[in-house]
Amino acid sequence: MAVSGVIILSIDGKNARNRLSAAKDALQAGAPGTKGERAVNTIGIGLLGFGTVGRGVYRVLQQNRELITNRLGATLAVRKVLVRDPKKDRGIEVPPDLFTADPAAILADPAIQIVVEVVGGVDAARRYVVEALTRGKSVVTANKDLLAAYGQELFAAAAATGADLFFEASVAGGIPIIKILKEALAGNRIIEVMGIVNGTTNYILTKMSEEGAAFEAVLQEAQVKGYAEADPTSDVAGLDAARKIAILASIAFNSRIKLEDVYVEGITRVTPADIRYARELGYVVKLLGIARETPEGIEVRVHPALVPVAHPLAAVRDVFNAVFVRGDAVGDTMFYGRGAGELPTASAVVGDIIAAARNIRYQMRGTTGCTCFETKRVKPITAVETSYYLRLRVTDKPGVLAGIAAAFGNNRVSLAAVIQKTTGEIAELVLVTHRVREANLRAAVEELRRLPTVEAVANIIRVEEWYGG
C-alpha cells in the first residue's frame, strides 16, 4: 500500500531476521554480500617512493594502525615499497623484504589494490599512475605537477576501468581543501577561491614584514631551515602556487584550467620598503593564488598582493597555508593549516588511502571522478579589474605631480591614496589606485616611464580589497 509517496512492504519478521543475521555473518567472514555490502578484510597497498612523504605515510599507517582498522572495518597492509636502492638505510624500521627496485612488483601484483604515488617528478610518475589505473588499481597521489600537467589523461584512465584517483595532498598539505570543494561545498556555486598555498613564500614574506629583512637574506635562512629548496625558483617565482591554484580552479569552476592559463608573478621584486608602505596604508603583502568566476570568464592568477589587515588571510604567518572560499550558499569560509611537511602531507595521503579502501570494501569505486564537465573562457590578465599599488622614484621639483596625474587621467586611472617621501633631490612616490582594468593601468605606466621626471617605476603590486566582516 502506498501512502504519501512512501511504499510499505509487508515482510515476514522471522525471515527478515534470518536474512539480516546471514548478511552480518557474511560481512564478518569476509564473504561477498550484495553490492554495497562486500567485506574485504585486508587491502594491499603499494608505495611508489619512500622520501619524506612516503616515510610519513608509512609512519602514520603504522602508528595509527588499530584506529584506522576500527574506523575502516578492514586492515591496510603495505605490501611493497618502490625505491632506487633497497639496501639503503632510511632511518625508519621497515621489514627489508618490503623494498623493491622493480615497479612491476607493485603495478602487476593483484594483491595490491591501492597504489600510492609519492615518487615525485612527472615522467616516471605519469607512467606508473597510468599503468596502475589501466590495471584497475586505485591511485592516491600527492603530485601537483603531475595533476596540473596530465590531469585529463589520468582521469580518463581512471574512468576507463572505474578506478579511483585521489589527490588531496597535491594542494595545501594537510588542509582537506579538495574534499571540501568536491563534496562538502558541492551544493554551492563557487564564486572565488583565494589562498596562500605556498609555505616557503609565506615564511619569507612574514620574516620580511616582522623583521624588516631583505628578500635574499630571508631566502638563505629558509634554505638553512629546510623551508626552501636549494633551487627555490618554483616557490619564489610563483610556479608551485600556480600549479595548485590551477587544480583548485578546475574543481571549483568545473572547467579544466591548465598551468599555462595561470598568470604568474613571484615575490623576488618585493622589498622591505614595499612592505613598510603597505603597512602604512593598512595592508600586508602576501603571495596569493586567486581564482574567480566572472561573467567575462575565469580569472586565475598568482602574484604578490596587498591584503587588508582585516582580511582573514592577512593573519596567516610563517609556513602555514590558508584557502579562502566564497560560495553562493555558504558565503565566506576559510581553511587553515600546515601546507607541507612529512606528517601534515602524510595525513592527507592516508585520508585518501582510507577513502579508496572504503570504496573498495563497499564496491563504490569511481564515484568521485573528474568534475571538469564544462569549458569556460579564461579571462586574460589585461581584462582583470583590481586596484594597484605603485612605487615611483621621481625628481623632486615643481610640476612633477601634475605630469603624473595627467598620465593617469589620460588612461582613466583614478587615485585613492598618495604617499610622498623626499630624500634630497629624489622623492619616492607611492600611489594606490581605485579599481581599474589592467590594460588601462599598463598604458598609464608606459606613459609614466616616458616622463623625464620619473626616474623609475620601482614596483607595481596588485591590491585585493575585502568587504567582509
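1. **Basis of the model.** The structure is a predicted model, in which local features need pLDDT of at least 70 and side-chain atom pairs count only at pLDDT 80 or more, whereas totals for chains, interfaces and linings use all residues. Residues are numbered from 1 along each chain as its sequence is written, and side-chain values use heavy atoms, with hydrogens and water left out.

2. **The chain overall.** The secondary structure comes to 15 helices and 19 strands, where helices (H or I, at least four residues) and strands (E, at least two) are DSSP runs numbered from the N terminus. Along the principal axes, the C-alpha atoms fill a box of roughly 95 × 70 × 35 Å. Of the 469 residues in the chain, 48% are buried, meaning under 20% relative accessible area with a 1.4 Å probe and protein chains only.

3. **Contacts and surface.** Among contacts (heavy atoms within 4.5 Å) with a separation of 6 or more, 73% join residues 24 or more positions apart. The chain exposes about 21,700 Å², and carbon and sulfur atoms supply 51% of that area; the accessible areas come from the Shrake-Rupley method with a 1.4 Å probe.

4. **Helix H2.** The 12 residues of H2 (residues 52–63) should span 16 Å at 1.5 Å a residue, and the end C-alpha atoms are 16 Å apart, which agrees; the expected span is 1.5 Å times one less than the number of residues. Gly54, Gly56, Val57, Tyr58, Val60 and Leu61 are buried in H2, and the buried residues of this helix pack against strand S3 (42–48), H3, strand S4 (75–82) and helix H13 (342–361).

5. **The largest cavity.** On a 1 Å grid over the protein atoms alone, a cavity is a set of points where a 1.4 Å probe fits but cannot get out, and lining residues have an atom within 4 Å of a point. The whole structure holds 2 cavities of 30 Å³ or more, and the largest has a volume of about 120 Å³, a volume being the space filled by probe spheres set on grid points that are joined across faces, edges and corners. Helix H7 (177–184) and strand S8 (165–166) each supply at least two lining residues, with H7 giving the most, 4 residues. The lining has 5 nonpolar, 1 polar and 5 charged residues, where Ala, Val, Leu, Ile, Met, Phe, Trp, Tyr, Cys and Pro count as nonpolar, Asp, Glu, Lys and Arg as charged, and the others, Gly among them, as polar.

6. **The second largest cavity.** About 40 Å³ of space lies here, lined by Leu61, Arg65, Ile68, Thr69 and Leu76. Helix H3 (residues 65–72) gives the most to this lining, with 3 residues. Leu61, one of the lining residues, is also among the buried residues of H2.

7. **The largest pocket.** A pocket is an open set of points with protein on both sides within 12 Å along at least five of seven lines. The largest pocket has a volume of about 1,200 Å³, and of the 42 residues that line it, Val53, Lys144, Glu229, Ala340 and Gly341 are the closest to its centre. The elements that give two or more residues to this lining include H2, helix H6 (144–161) and H13. By class, the lining divides into 13 nonpolar, 16 polar and 13 charged residues.

8. **The second largest pocket.** This pocket has a volume of about 420 Å³ and is lined by 17 residues, of which Gly49, Phe50, Val83, Arg84 and Val119 lie nearest its centre. The lining comprises 8 nonpolar, 3 polar and 6 charged residues.

Definitions and conventions
Buried means under 20% relative accessible area, exposed over 50%, partly exposed in between (1.4 Å probe, protein chains only).
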